[in-house]
Structures are given as C-alpha cells and as structure tokens.
Amino acid sequence: MARTKTVKKITKKTIMCVKCGMITDSYEKQFPKTNSSLYAGYEGYLPICKTCLNKLYSEYLDIYQDHFTVLRRICQLFDIYYNESLAKSLMNSDMRTIPTRYISKLNLNPHIGKTYHDTILEEEKAKKVQEITEQSLRQQENREDTEIDTEEIDETVEKQLSEARKIFGSITNENDALFLKNEYDDWKFRTGAKSKAEEEIIKNICYNSLSLKKARESGSSTKAIEETLLNNIKAGGWQPKTEENGDEMSVGQWIQTIEMERPISEVQDRYKDVDNLKKMIDVFYLGHLGKATGIRNIYIPEYEETMKKYSVIKNESGEDEQDDVITRLFGE
Ligand SMILES: [Zn+2]
C-alpha cells in the first residue's frame, strides 16, 4: 500500500512590525525586549520595531511638547515601567534613540521585571505617603499654634493684671481689672495725657466706664453715671465737638466715634514666618520623597535648586560612553 507521505516544510519565522509592516525572521536585532507578559507570544519582544518606537518619540513630542509626558505615554502604550528619574537621565540624549535607550536601562537592576503596573502601584503609594505626611504636618502645626497661643495669652494676661494692680490697687475681680487697664491704656493713648492730674482723671473715667458697663448689664439706670463720666471728661478738657456745628458731642456720640475709628493693630513681626520650617519640610522631605520615588510633585524644582549647591555634576560625554559599554555588554 502506497503511503501518502506528508512533507512538512520547515519555513522560516515571519515577524512583522505592527507599525511599519517590516518583515524579518528574528526579533533579537530589530525589536526591543520587554518585561511584560503581554508579549510572551512574541518571545518577550515588543511587536513594534526599534526604528518605529524611536520615531514615536518625536511624533509624540510634537503633540505633548514635554519629554516626560512623551515617555510616559509610550510606556502606557506598551506596558513598560515608567520611572521619572530614569526618564530624566535621558533628557539630554540623542532624540532619535531615547525610547530604546530607556528600555536598555530598564533591563538593568533594580528595574528588571517591572511593568507599567508597577508604575501605578508606586505612584499610588507615594501619593498616600504624601497625603499622610501633609495631614500629620497640618495636625502638628495646629497643635503648635494652640500651644503657643495658650502660653502667650497666659503671659499677657498676667502682665496686664499686674499692671492694672499697680494703677488701680488690688482689684479682686480679674475681668474688672483687665477692663480698667484696657480703658486706661486707651484713654492715655488717645488723649496723650502725661501729668499726674490727667492720669487721676483718666482713672475716674475708667471707674465710671466700668460702672456704666455693669449698670447696662444689670439693666439699672445709667443716667447718673453718664453725667459723672461726662463731667470727668470735661474736667480733663477732652470734650470733643461735633463736625457739623461745633457743639459738644454727647458721651454716646463720642463713644460711638471712638469705637468706629479704633484702629486694627498690625501683625507682630515675630509671627511672620521666621523659622523657615515649612520650606525645610517642602524641600528635604516632600521634594526628596518625590525625587526618590520618581513621582513629580511641586516641591521637586525647589529641591533640585537647593541640592545643586551640594552636587558634583558628571561630564555628559562620560555618560554616553558608559551607555555604549552597557549596550556592548547587554545589547540594546
Ligand atoms: Zn516598524
């Protein structure tokens, strides 16, 4: 019986670039290697040839106008690990070979085996770290503010009380003492009173004001107190005239004028950002964190500016030579 002999013809592999359609029989020379398991059927090579991948860089640069965005876009497309520091190291390289150079660097430690999935995980992690850091910083700032405020208020109150007692003698009620001291300072400042006699009149005015305040709070008659107050003001020679007709103002009018014109004091110098603590944290913590993880954040430019002062810059041509050595040892 005649046997039909099936002849199995061994054909050469046919490999085609998905972009330009170039056909070859071996991946090795013309296709970039990849870490992604997506391309396992392509023997661990990308389905786009090196020439096309490199051309993509300038095509995308026309669109995005930014080296980092372009590299990230290419990495997203082909499931390649994206790392900001790595991208930065190629910023000044020949534009025609940036993507393949980038992939060569990925095939070295510590990036072997990483894909774009690792980029996503790393970025999420860095974002969380930053959020937690900012949150704890805010909490710390709030705590410090509260501590300082409480301490300072205590100190100021003690000082005011002791001064009030010097002027008005021992006053058991602290609120009354503070009210009197406040009124006394205000009257002295506004009248410019210097003589002992004027100071005595001001003291009486302060007592009158305190009585007036208490009478108002308890709902009792204030007429007699107002008259005494007005007399004391007159005795000091400080009775103001109204603008319209030069008549003397009533106490009520005068008080209203004072309250309306009371100036708001300036922020004290010692509260104006003196310790630069925020800058230190921005630069050496958040900036450094962003730099180390390869995640760009707003603190990096300031970090780089600061670190420049302490850095030794390597010669550019030296880096190219080093790349060539790596290429010779490990291939593109
Ligand atoms: Zn191609």
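In which kind of crossing, left-handed or right-handed, does helix 8 pass helix 9? The model is a predicted one, in which local features need pLDDT of at least 70 and side-chain atom pairs count only at pLDDT 80 or more, while totals for chains, interfaces and linings use all residues. Residues are numbered from 1 along each chain as its sequence is written, and side-chain values use heavy atoms, with hydrogens and water left out.

**View 1. Helix 8 and helix 9 pass each other in a left-handed crossing.** A crossing is left-handed if the near helix is turned anticlockwise from the far one by less than a right angle, and right-handed if clockwise. The axes of helix 8 (residues 196–218) and helix 9 (residues 223–236) come within 9 Å and cross at roughly 160 degrees, which makes helix 8 roughly antiparallel to helix 9 (angles under 35 degrees count as roughly parallel, over 145 as roughly antiparallel, 65 to 115 as roughly perpendicular and the rest as oblique). Axes are lines fitted to C-alpha atoms, for helices over the stretch in contact, and angles run from 0 to 180 degrees between N-to-C directions.

**View 2. Four cysteines hold the protein donors of the zinc ion.** The SG atoms of Cys17, Cys20, Cys49 and Cys52 lie 2.2 to 2.4 Å from the zinc ion, where donors are N, O and S atoms within 2.8 Å of the metal (3.2 Å for Na, K and Ca). In sequence these donor residues follow the spacing C-x2-C-x28-C-x2-C. Cys17, in the loop between strand 1 (15–16) and strand 2 (23–24), and Cys49, in the loop between helix 1 (27–30) and helix 2 (50–64), are 32 residues apart and link distant parts of the chain; helices (H or I, at least four residues) and strands (E, at least two) are DSSP runs, numbered from the N terminus.

**View 3. Helix 2 passes helix 3 in a right-handed crossing.** The axes of helix 2 and helix 3 (residues 67–78) come within 9 Å and cross at roughly 130 degrees, and the two helices are therefore oblique to each other. The contact includes Leu53, Leu56 and Tyr57 of helix 2 and Val70, Ile74 and Phe78 of helix 3.

**View 4. Helix 3 also packs with helix 5 (residues 98–106).** Their axes are 11 Å apart at an angle of about 65 degrees, and helix 3 passes helix 5 in a right-handed crossing. Here His67, Leu71, Ile74 and Cys75 of helix 3 meet Ile98, Pro99 and Tyr102 of helix 5.

How values were computed: Contact means heavy atoms within 4.5 Å.
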